[in-house]
Structure formats: structure tokens, C-alpha cells
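Take a look at the model below. The text after it walks from the whole chain down to single side chains.

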Amino acid sequence: MKKMLLIIALSVFGFANAQKGTILVGGNISYSSSNRDFQTFSDNYHEFGFSPKVGYQFHDNWTVGGEFLFASSKSDIDGRMTSKSNDFKAGAFLRYTVPLSETFSVFADLGAGFQNQKNTVNSIEGENESKGDGFYAGITPALFINMKKGFGLNFSIGGIGYETLSFDNNGPDVKQFEFNFGKTVNIGVSKNF
């Protein structure tokens, strides 16, 4: 399991340490799995996500670009009920980077865009499908450590976010605010081209 986490952590790409006139490509890869056993049932949950970014550094401190998210999750409760969710996000981000030294920089990403989600629940009562559309916005501060020749590590420990989803078929309207500093840890590898 530790090897799997290390491989995932090293597969997480980001970018920082802005260099004027360069194009950056990066993103995150995530995987989550849980098995919970209760007295009367068990729940198996799996989630995979991929979120690429492409940006143009138009100033030594500023980067602008597009960001996307593709995620899929599945839950199985004793074979009696299964649920599947597919998420998609597309938006733009603006990054401001402040170099502290040749080795360290701090940056903050402001991202916003469109999102949609499709949920399918299969149970003994039949299949129920819902689709929702909305938007998201968030700020994520991070630290960049320059290792050598533009290769580096990115560290973030959460951020602030807001999102909405409005579901069809008389589904719920979701409005969610997140302040998750210290609850999430992201480690990424970056390369400036």
C-alpha cells in the first residue's frame, strides 16, 4: 500500500516557478478505495480521478490557463445496491507565484469553471439516474521546491472552495463551501518547459 501511495504521489503533476513566455502542462492523478463492514451490511467504494492543466506564463509571476477534471466513483453495498458517479469539470485558472529563493517559491491558484455530474443508482427497486450542472471556484496555496533544471516538487495542504450543482428530475440543489486546510495533502512533480 505504501508503494502504491508513493507511485500515486510521484504521478501527480503540477507546475510552479513561473518563467515568462513558457507553456506548462501538468495535472493530478488520484485513487481512493475503502471497505467498510457494518453489522448488517458492507460497503465497497472506489474512486479514480485525473485533472490535467495547461497554462501560459505571460509574466514572471503570472500564469493563466485551462483546467479539467475527469472522475469516476463506484459504490457497492452487499450487491443489493450499487451507485456510480461520473464527474466532469472544465474551467480556467490564474496562478500568482512569488519566488523566495532559487530553491523555494510559493504560489496560489484561483480556479473557476463549469461542472456536471451523472449519478446512477441500481437497487432492487430499479434504476434511478440523475444529472446535475453547476459551477465551482477555489483558491489553493502551495509551495514549490526546485530540485534541478526546472524539475521540482509541489506541496499543498488544502484550500478554500465553493461549488453548486442543480440536478434534474426533481433532484437536490447542492451548494457547498469547503475550508479544508490540513485535511488534504497533495504532492506533485513539475517541469518547466
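What follows starts with the overall layout and then turns to particular residues.

This is a predicted model. Along the sequence the order is α-β-β-β-β-β-β-β-β-β-β. Of its 193 residues, 33% count as buried. The accessible surface of the chain is about 11,900 Å². Carbon and sulfur atoms account for 61% of that surface. Now consider contacts between residues at least 6 apart in sequence: 56% of them join residues at least 24 apart.

Next come the charged pairs. How many salt bridges does the structure hold? The count is five. Lys53 sits in strand S2, which spans residues 42-57. Is Lys53 buried or exposed? Its relative accessibility is 17%, and the cut-off for buried is under 20%, so Lys53 counts as buried.

Lys53 has a salt-bridge partner in Glu67, with N and O 3.6 Å apart. Lys53 belongs to strand S2 and Glu67 to strand S3, so this bridge ties together parts that are 14 residues apart in sequence. Glu67 is buried too, because its relative accessibility is 12%.

Asp109 also forms a salt bridge with Lys53. Here the closest N and O atoms are 2.8 Å apart. This pair links distant parts of the chain: Asp109 is in strand S5, Lys53 is in strand S2, and 56 residues separate them. Asp109 has a relative accessible area of 9%, so Asp109 is buried. The side chains of Lys53 and Asp109 also count as a polar contact, at 2.8 Å.

These bridges are part of a network. Which residues does the network of salt bridges link? They are Lys53, Glu67, Arg95 and Asp109. Lys53 has an aromatic neighbour as well. Lys53 lies over the face of Phe93, 4.7 Å from the ring centre.

Another salt bridge joins the side chains of Glu129 and Lys118, at 3.9 Å from N to O. Glu129 is in strand S6 (residues 126-148) and Lys118 is in strand S5, so the pair ties together parts 11 residues apart in sequence. Glu129 is partly exposed, at 30% relative accessible area. Lys118 is partly exposed as well, at 34%.

Now the rings. A pair of aromatic rings is described by the distance of the centres and the angle of the planes. The model has four aromatic pairs. In one of them, the ring centres of Trp62 and Tyr96 are 4.6 Å apart and the planes meet at 55°, so the pair is tilted. Trp62 lies in strand S3 (residues 62-77) and Tyr96 in strand S4 (residues 81-99). The two are 34 residues apart, and the pair links distant parts of the chain. Trp62 is partly exposed, at 31% relative accessible area. Tyr96 is partly exposed, at 36%.

Another of the pairs is Phe179 with Phe181. Their ring centres are 5.0 Å apart and their planes stand at 65°; the cut-off for edge-to-face is over 60 degrees, so the pair is edge-to-face. Phe179 is exposed, with a relative accessible area of 54%. Phe181 is partly exposed, at 35%.

Ser72 is in strand S3. Ser72 is partly exposed, at 29% relative accessible area. Beyond residues up to four places away in sequence, Ser72 touches His46, Glu47, Phe48, Lys84, Ser85 and Asn86. With Asn86 there is a side-chain polar contact of 3.1 Å.

Gln115 lies in strand S5, residues 104-123. Gln115 is buried, because its relative accessibility is 4%. What does the side chain of Gln115 reach at 3.4 Å? The answer is the backbone oxygen of Phe135. Leaving out residues up to four places away in sequence, the contacts of Gln115 include Phe88, Lys89, Tyr136 and Leu165. Lys89 and Tyr136 also meet each other: Lys89 lies over the face of Tyr136, at 5.0 Å from the ring centre.

Definitions and conventions. Residues are numbered from 1 along each chain as its sequence is written. This is a predicted model: local features need pLDDT of at least 70, side-chain atom pairs count only at pLDDT 80 or more; totals for chains, interfaces and linings use all residues. Side-chain values use heavy atoms; hydrogens and water are left out. Helices (H or I, at least four residues) and strands (E, at least two) are DSSP runs, numbered from the N terminus. Buried means under 20% relative accessible area, exposed over 50%, partly exposed in between (1.4 Å probe, protein chains only). A polar contact is a pair of N or O atoms within 3.5 Å; within protein, one must be able to donate a hydrogen and the other to accept it, and residues adjacent in sequence count only if both atoms are side-chain atoms. Rings of Phe, Tyr and Trp (its six-membered ring) pair if their centres lie within 6.5 Å; planes under 30 degrees apart count as stacked, over 60 as edge-to-face and the rest as tilted. A charge sits over a ring if NZ of Lys or CZ of Arg is within 6 Å of the ring centre and within 35 degrees of the ring normal. Contact means heavy atoms within 4.5 Å. Accessible areas come from the Shrake-Rupley method with a 1.4 Å probe; for residues, only the protein chains shown count as cover. A salt bridge is a side-chain nitrogen of Lys or Arg within 4 Å of a carboxyl oxygen of Asp or Glu.
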